[in-house]
Amino acid sequence: MPLPTKAAAVVFDLDGTLIDSADDLGAAANRLLASEGRRPLTPHEVRRFIGDGSRVFVDRAWAATGTPADGSGGSQGLDALVARFIAEYQSDVAGHTRAYAGAVDTVAALKAGGIAVAVCTNKPQRPAELVLEALGFAPYVDAVAGGDRFAHRKPDPRHLLDTLALLGTSSEAAVMVGDNEHDMAVAHGAGTGAVLVSYGYARLPLEEIEADARIDSLTDLPGLLGL
Ligand SMILES: O=C(O)COP(=O)(O)O
Ligand SMILES: [Mg+2]
């Protein structure tokens, strides 16, 4: 679908779109893996494992480094590892994480142009809020919808629809901006515009991901939206 001529809201994905967070996610995972006598993840593995939230990230990390974690909910199983991973990650969300070039200024420019801004991420709510605060996005963001805020998360389009409900914006007047197939899938499913960034952590070849527009830098976004 074409992008709205006058967008009322822009919803951003977080990891791989607004922020390059792989090093801190990897460091937290590697501290946990080391405490369990496992090898660290490579930077390439970390980038491939991001995008489906903390539970899937830890599950992939465990499967890649030895016996997979037990998903049955026991005290030694995946649930316990996920809780420890989130605690590790939350202790240092921004040490090695950077906003992509121009990202904060772009979000600020949209806001100044009268566009509502939200973040729809599979990262859990608390670390998402902490990193947005630490990197200077928070003053320009009207709503944050972490992966554990609602009953559904990307690629379920209800994650995006529930995010838009927080803003009071209709799908037709909204644009989703993200770096992977889940972000574009929720945009198509919810009926918003879909803008794919080229520099993030997509696992599929970018040309295989359907999008209404593709950008190499967030600084191209205001122009694309007619600001
Ligand atoms: O996998 C995650 O934790 C988050 O990924 P997202 O911000 O790209 O949705
Ligand atoms: Mg992403």
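Which strands make up the open sheet, and in what order? Hi everyone, let's start there.

This is a predicted model, where local features need pLDDT of at least 70 and side-chain atom pairs count only at pLDDT 80 or more, while totals for chains, interfaces and linings use all residues. Residues are numbered from 1 along each chain as its sequence is written, and chains are lettered from A and ligands numbered from 1 in the order in which they are written.

Now the answer: the open sheet has 6 strands in the order β5-β4-β1-β6-β7-β8, with parallel pairing. Strands here are DSSP runs of E, at least two residues, and helices are runs of H or I, at least four residues, numbered from the N terminus. Two strands pair if DSSP finds at least two bridges between them. At the edges sit β5 (143-145) and β8 (213-215), each pairing on one side only. Strand β4 (residues 116-120) runs parallel to β5, joined to it by 3 bridges, and Cys120 stands opposite Ala145 in β5. In total, the chain has 9 helices and 8 strands.

Next, please find Asp13, in the loop between β1 (9-12) and β2 (19-20). UniProt, in an unreviewed entry, places the feature "active site" there; feature names are shortened, positions use the numbering used here, and annotations may be inferred rather than shown by experiment.

Is Asp13 buried or exposed? Asp13 is buried, because 28 other C-beta atoms lie within 10 Å; buried means 20 or more, exposed 12 or fewer, and partly exposed in between, with C-beta atoms placed from the backbone. Of the chain's 227 residues, 46% count as buried.
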